[in-house]
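Thanks for coming. I have one model to go through today, and I will take it piece by piece.

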Amino acid sequence: MSDLVFKTAAELSQLLQAGEITSVELTTACLDRIQAFDEKVHAFLHIDREGALATAQEVDEARQRGDDLHPLAGVPIAIKDNMVTRGMPTTCASKILAGWIPPYDATVVRRIIQAKLPIIGKTNMDEFAMGSSTEHSAFGVSRNPWDLERIPGGSGGGSAAAVAGFMVPLALGSDTGGSIRQPGAVTGTVGVKPTYGAVSRYGLIAMASSLDQIGPVTRTVEDAALLQELIGGHDPLDSTSLNEPVPALANSVREGEDLTGIRVGIVKELTGEGYEAGVLSAFQKTVDNIQSRGAEVVEVSCPNFEYALAAYYLIMPAEVSSNLARFDGMRYGLRVEPEEGPVTSERVMAASRGAGFGDEVKRRIILGTHVLSAGYFDAYYGSAQKVRTLVQRDFDEAFQQADVLISPTSPTTAFKFGEKVDDVMAMYLNDIATIPANLAGVPAMSVPAGLSEGLPVGFQVIAPARGDAVMYRVGRAVELTTDVADQCPARDWKEEA
């Protein structure tokens, strides 16, 4: 099997531009690896072999003609299955959308197509992006390439597993409360949630519109920067899109070897109780390493982060209840008619939603509907929005003391399947360190920071809104302290005879 699958997107870009490899050769290598190993990982829900190879062939012909191409042209990519892709199934890993083929492309997908990156396929996820383990997919779990008996995180476990398993160099995920960063932490990949509005959400099937953000999933910080530069920028189809130029993120990455003059704040409330000893040890070692690169490290306090998890699990379900109301068997989605009795619209909706949605989706819809109901709106949803404002103020004050904030990405390493799926609170606590950034709309990334008992640990870097560039600079410095991706057991997988 080709060693091309082990190279970074930046390295592959250089080889393609130099004419040392072809996109067809590279895309075929990725497809062959998926065919050989995805049966045990289940990172993908759909593979578009024909479409990917057609794009690769188009890139090779354009390069031979001397056409001006995007630097990432010809580098394969995978897309999380909640971003609509014309002519390709988009299901959100839910039975209610099984087999649906969109008639249009999400803005990020359109930009990838215009840049001529072969789209390998759609990756598995927790149903409608609700979960932290990819155990809530209607089409089966994805597995962690570091240990196939452990979860790859969620909701974007499929994208993270595909990248960690060397099936694709690039993938896209969506992050509502940590769904890019937490999978990144437990799979040893780089996961980025850009500033809210920096990347268009048009064509992302919404979970919680004020929290959702599309971002890169890669093996290196540089690859993430290159991908965000490609998909970022203003989109008139998204009313929350920032109307400003995309910063030179790749240039910031190249400045990451020296952090002189950068103030880094350790968030007191995001370390300590509830975090595994191995996670805290890897975190502290990385802090020491970036300090040796010139960073000034201080401790900051964000007291309202204590309430962020509770606020999130009121705001998010409320928006879920609203956004998923359209999937009712009458307007969109699976239609199931009642087996007995009259066929009324109300009974069709009940039967369709009962059959089409999984337990976790139903749980959040019910909670969100209750939160928004008369008599409870002010007590729950209104109070949660006030807490959200307090979290934003905590960030404002913390960024007066530090250029970026840091914490472990997840309190634990990857846990085994079944350990938490029936313990709802334990599952929700996986997002305790990632949720504040979504509530405030600020950028955050997870970078591998070593191992704990042979499993990856994630290091989170949080920057002020529109501060993606400094986040990438510090993320690169963190990356230079470890070589986690090279230690993944998936590198040594062998094809069965």
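A contact, here and later, is a pair of heavy atoms within 4.5 Å. Helices are DSSP runs of H or I with at least four residues, strands are runs of E with at least two, and both are numbered from the N terminus. Buried means under 20% relative accessible area, exposed means over 50%, and partly exposed is in between, with a 1.4 Å probe and protein chains only.

Before I go on, the provenance. This is a predicted model, in which local features need pLDDT of at least 70 and side-chain atom pairs count only at pLDDT 80 or more, while totals for chains, interfaces and linings use all residues. Residues are numbered from 1 along each chain as its sequence is written, and side-chain values use heavy atoms, with hydrogens and water left out.

Back to α1, which covers residues 9-17. Which of its residues are buried? They are Ala9, Ala10, Leu12, Ser13, Leu15 and Leu16. An α-helix has 3.6 residues a turn, so residues three or four places apart point the same way. Just after the helix comes Gly19, with a positive phi of about 75 degrees.

**The whole chain**

Now the overall figures. The protein has 16 helices and 11 strands. The C-alpha trace spans about 65 × 50 × 45 Å along its principal axes.

Of the 497 residues, 58% are buried. Among contacts with a separation of 6 or more, 76% are between residues 24 or more positions apart. The accessible surface, from the Shrake-Rupley method with a 1.4 Å probe, is about 18700 Å², and carbon and sulfur atoms hold 48% of that.

On charge, there are 42 positive and 64 negative side chains, and the centres of the two sets are 3 Å apart. Lys and Arg count as positive, Asp and Glu as negative, and His and the chain ends are not counted. Each charge is placed at NZ of Lys, CZ of Arg, CG of Asp or CD of Glu.

**Backbone exceptions**

Most residues other than glycine have a negative phi, and most peptide bonds are trans. Where does this model have a cis peptide bond? It joins Gly154 and Ser155, with omega about 5 degrees. Ser155 is in the loop between β3 (119-123) and α5 (157-164).

Cys92 has a positive phi, near 55 degrees. This residue sits in the loop between β2 (77-80) and α4 (107-114) and is buried, because its relative accessibility is 0%. Lys116 also has a positive phi, near 65 degrees, and belongs to the loop between α4 and β3.

**Two threonines**

Thr189 is in the loop between α6 (181-187) and β5 (190-193). At 1% relative accessibility, Thr189 is buried. Its side chain makes a polar contact of 2.9 Å with that of Thr187. By polar contact I mean a pair of N or O atoms within 3.5 Å; within protein, one must be able to donate a hydrogen and the other to accept it, and residues adjacent in sequence count only if both atoms are side-chain atoms. Beyond four places in sequence, Thr189 touches residues including Ala160, Val217, Ser446 and Pro448.

Thr195 lies in the loop between β5 and β6 (214-218) and is buried, at 2%. The side chains of Thr195 and Asp468 make a polar contact at 2.5 Å. Among the other residues that Thr195 contacts are Gln213, Leu242, Gly441 and Arg466.

Val246 is in the loop between α7 and α8 (249-254), and is partly exposed at 34%. Besides Glu229, Val246 is in contact with Gln228, Gly232 and Gly233.
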